[in-house]
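I opened the notebook today to look at helix packing and salt bridges. Here is the model I had on screen.

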Amino acid sequence: MANVLKIVSLLLSYPTRDLLNAGSELRDALDADTMTGPREKAWLGALIDDLAGHDLYDAEERYVLLFDRTRTLSLHLFEHVHGESRDRGQAMVDLASMYEAQGFEIDARELPDYLPLFVEYLSTQSAEEVRNLLGQTLHIIAALRARLQKRGSIYANALLVLESIAGVEADANAVEEILNLPEDDPADLKALDAIWDEEAVTFGGGAGNGACGPDRLRTQLRAAKRPAPQPDVGGEH
């Protein structure tokens with residue numbers, strides 16, 4: 001399990017020349033992973049091949065338009081449940097504390113809710129803890145996957161693998177609430193500016209409430225305050 005999570009983390013990260021050139025190496029690692037099923041291997045293999053076949057500039061541009069210029073596809077988990085409210089700041093602190101409790105260090109410039117970073121953290125944990133934390137964020141992951149599939153993006157494959165690893169179904173109502181939020185057009189810079197202005201005006205408490213589960217998620221992530229679970233060294237990887 002650890003190997004496939006590391007691969008997912010890399011594939012969801014900003015594309016670099018090293019990543020695009022590592023297609024055969026990633027393929028070999030995926031083929032050697034005995035804990036991953038053929039369906040999941042096919043999903044990730046297709047994404048690996050897609051990235052390897054892209055020009056670096058085109059891969060970077062696609063990534064930015066999808067994930068950096070489209071807020072409803074943001075790879076920052078708390079963007080979808082907290083927006084810019086103060087609740088997001090506390091959730092960030094809680095998540096960073098959980099990382100720290102496990103000795104998982106992150107760069108000061110990295111936000112702890114960045115999905116590739118979160119998945120990298122999961123790769124250091126026991127199978128039980130992986131499924132626990134994926135289950136808590138599954139409504140966000142499922143909504144992202146649905147939006148990516150709607151756009152015909154092969155990046156949806158990585159989210160499908162995370163859903164499969166979670167081993168449970170996402171809460172349909174929570175997913176629907178996220179999907180009901182209007183999608184933004186990355187080419188409409190004026191509209192995107194207006195969205196940011198609105199967020200600045202409504203900054204404050206209350207934005208963390210709702211059926212999509214941010215308050216529940218924040219509470220669950222505060223599990224960092226309990227004794228940290230130990231990785232299952234001799235168990236599933």
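My entries on one helix and a few charged pairs follow.

**Ground rules.** I am working with a predicted model, in which local features need pLDDT of at least 70, side-chain atom pairs count only at pLDDT 80 or more, and totals for chains, interfaces and linings use all residues. Residues are numbered from 1 along each chain as its sequence is written, and side-chain values use heavy atoms, with hydrogens and water left out.

**Helix H1.** I looked up how covered H1 (residues 2-11) is, and seven of its 10 residues are buried (under 20% relative accessible area, with exposed over 50% and partly exposed in between; 1.4 Å probe, protein chains only). Helices here are DSSP runs of H or I, at least four residues long, numbered from the N terminus. Among the buried ones I noted Ala2 and Ser9.

**H1 against H4.** I found an angle of about 35° between the two, with axes 11 Å apart (lines fitted to C-alpha atoms over the stretch in contact, angles running from 0 to 180 degrees between N-to-C directions). Val4, Ile7, Val8 and Leu11 of H1 touch Leu44, Leu47, Ile48 and Leu51 of H4, where contact means heavy atoms within 4.5 Å.

**Salt bridges.** I counted five, each a side-chain nitrogen of Lys or Arg within 4 Å of a carboxyl oxygen of Asp or Glu. Aspartate 49 pairs with arginine 27, the closest N and O atoms being 2.7 Å apart. That pair joins helix H4 to helix H3, 22 residues apart. Aspartate 49 is partly exposed at 42%, and arginine 27 is partly exposed at 27%. Arginine 39 and glutamate 40 meet at 3.1 Å, N to O, and glutamate 40 is buried at 10%.
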